[in-house]
Amino acid sequence: MNLWYTFFGDYMLIDTHCHLLSEDYDNIDEIITEALVDGIQLLVINGYNRETNEEAIRLAKKYEKVYAAIGYGPAEVGNISDNDLVVLEKQLQELKVIAVGEIGLDYYWYKDNKLEQIKIFRKQIKLAKKYNKPIIVHCREAIKDTYNALKEENIKKIRGIMHCYSSSLEMAYQFIKLGMLIGVGGVITFKNTKLGNVIKEIPLEYIVLETDAPYLTPEPYRGQKNKPAYLKIIANKIAELKQLEIDTIINQTGLNALELFDLKDKI
Ligand SMILES: [Zn+2]
């Protein structure tokens, strides 16, 4: 247990994107407890379909420091009905649901239903605007359409996170201009990544931390199942790249997340 972080409550280590769900872990309670005693002050569990949205809400109700983001990801696009969107709208009014996500476009895995993906993505952005919640956006090989959807929906008021950002510095600034923050996860620690050169240049005011657990485990644990307790490794890597203290990284990214989720005065 790292007493230092626990003692100074203003150092907010926040995992803005993880999937602690029973289809991937058989010891979720242990993983959450470990993360919380190990310095993580807040976890945002992201659902992406009916079952995981429900589970994220259930865990958020169970743990004070766990919050839920809910939505239908690109993998769900062929499966969801109008009624599922009605269910989502109802769930968005739950107290501990703080964002709409993970939603977005994925043309790497799903090439044949691009228009349908955009349609479902934009419907969920509209819901986010209606309930004034930020969005958490998945984007794979769909950068231009993602950008256009966000721009046309004008998300400046709700803002959001480009989860696991992996594109150019130029595009990062374009998304920032729309109101988005840049989510940085385990990929930044991979040996063959060029992402470091991009993240190094992005002002800290626009960066938030995430693990995407159980995926994208940072080095030196790559190949094992990821968990929020590894978040500090990511903070440390950003500190190294920017030649700043790790506390500076934790403080500023934590503050960015609290402001985005409108939790600054609530915890
Ligand atoms: Zn994810």
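I call a crossing left-handed if the near helix is turned anticlockwise from the far one by less than a right angle, and right-handed if clockwise. The model is predicted, so I kept local features at pLDDT of at least 70 and side-chain atom pairs at pLDDT 80 or more, while totals for chains, interfaces and linings use all residues. Residues are numbered from 1 along each chain as its sequence is written, and side-chain values use heavy atoms, without hydrogens and water.

**Helix pair**

I looked up H4 (residues 82–91) and H5 (residues 114–130), which pack at about 25° with axes 11 Å apart. That makes H4 roughly parallel to H5 (angles under 35 degrees). Their crossing is right-handed. For contacts (heavy atoms within 4.5 Å), I noted Asp 82, Leu 85, Leu 88 and Glu 89 in H4 against Lys 123, Gln 124, Leu 127 and Lys 130 in H5.

**Zinc site**

I then listed the protein donors (N, O and S atoms within 2.8 Å of the metal, or 3.2 Å for Na, K and Ca). For the zinc ion they are His 17 (NE2), His 19 (NE2), Glu 102 (OE) and Asp 212 (OD), 2.1 to 2.3 Å away. Along the chain their spacing reads H-x1-H-x82-E-x109-D. His 17 sits in strand E1 (residues 13–18) and Asp 212 in the loop between strand E8 (207–209) and helix H9 (231–242), so this pair ties together parts 195 residues apart in sequence.

I checked burial (under 20% relative accessible area) for both. His 17 is buried at 0%, and Asp 212 is buried at 8%.

Technical notes
Helix = DSSP H or I, 4+ residues; strand = E, 2+ residues; numbered from the N terminus. Buried < 20%, exposed > 50% of the residue type's maximum accessible area, 1.4 Å probe, protein only. Axes fitted to C-alpha atoms, helices over the stretch in contact; angles between N-to-C directions. Parallel < 35°, antiparallel > 145°, perpendicular 65-115°, else oblique.
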